Amino acid sequence: MSTGLASQIADAVKSAMRAHDSLRLGTLRLLQAAIKQKEVDERIQPDDAMIIAIIEKQAKQRRESIAAFESAGRTESADQERAEMDILKEFLPQGASPEEIAAAIEAALSQAQAKGLHGGAAMGAIMGQLKTTLAGRADMAAISAQVKARLAG
């Protein structure tokens, strides 16, 4: 793990160890384990883009857990998941503004319409384009819902 983001995470682990911050340390160690697993499975050195994808996946898992815990009435567990998600967000790029997201969706929609795409084909083309522009900076599930609503309406 020699990329810039990987070394940032390693430094954060060391800081958490020194500060005796067990929640932060545990979260960061799980992240390091996921990165190492990717490295071992694919026999590659993950770059920053891959690490961001791993962090996004971990954050998505936390969001799903929060929803499940809240629906089950387990607020303490949901709060812990929120705290872990906040730690993970520190390593993600700055989020896209709602205006930026709306503009990207509009541009992708008009491109798909210019190509004459409709329905599922349009959805695939639009999401493919949006994934390259907004990956790591926005919740792609929420964007997908917005695109579906725009295509239906």
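How much accessible surface does the chain have, and what share of it belongs to carbon and sulfur atoms? In this predicted model, the accessible surface comes to about 9000 Å², and 53% of it belongs to carbon and sulfur atoms. Of the 153 residues in the chain, 35% are buried. The C-alpha atoms fill a box of roughly 55 × 40 × 30 Å along the principal axes.

The chain has 7 helices and 0 strands, and reading along the sequence gives the pattern α-α-α-α-α-α-α. Among the contacts with a separation of 6 or more, 60% are between residues 24 or more positions apart.

Within α1, the residues Leu5, Ala6, Ile9, Ala12, Val13 and Ala16 are buried. Viewed down the axis of the helix, these buried residues fall within an arc of 115 degrees, so they line one face of α1. The buried residues of α1 pack against α2 (22-42) and α3 (48-71). Just after α1, histidine 20 takes a positive phi of about 55 degrees.

The interior comes next. In soluble globular proteins, nonpolar side chains tend to be buried together. Here, the largest nonpolar core has 18 residues, and those with the most contacts inside it are Leu5, Ile9, Leu31, Ile51, Ile55 and Phe91. Two or more residues of this core come from each of α1, α2, α3 and α4 (75-89). Helix α1 gives the most, with 6 residues. Apart from this core lies another, of 17 residues, which include Ala96, Ala108, Met127 and Val147.

One residue of helix α4 also deserves a look, namely glutamate 81. Is glutamate 81 buried or exposed? Its relative accessibility is 14%, and a residue is classed as buried when this value is under 20%; glutamate 81 therefore counts as buried. Leaving aside neighbours within four places in sequence, glutamate 81 is in contact with Arg62, Ser65, Ile66 and Phe69.

Note on methods
Residues are numbered from 1 along each chain as its sequence is written. This is a predicted model: local features need pLDDT of at least 70, side-chain atom pairs count only at pLDDT 80 or more; totals for chains, interfaces and linings use all residues. Side-chain values use heavy atoms; hydrogens and water are left out. Buried means under 20% relative accessible area, exposed over 50%, partly exposed in between (1.4 Å probe, protein chains only). Helices (H or I, at least four residues) and strands (E, at least two) are DSSP runs, numbered from the N terminus. The arc is that of the directions from the helix axis to the C-beta atoms. Contact means heavy atoms within 4.5 Å. A nonpolar core is a set of buried Ala, Val, Leu, Ile, Met, Phe, Trp, Tyr and Cys residues joined through side-chain atoms within 4.5 Å. Accessible areas come from the Shrake-Rupley method with a 1.4 Å probe; for residues, only the protein chains shown count as cover.
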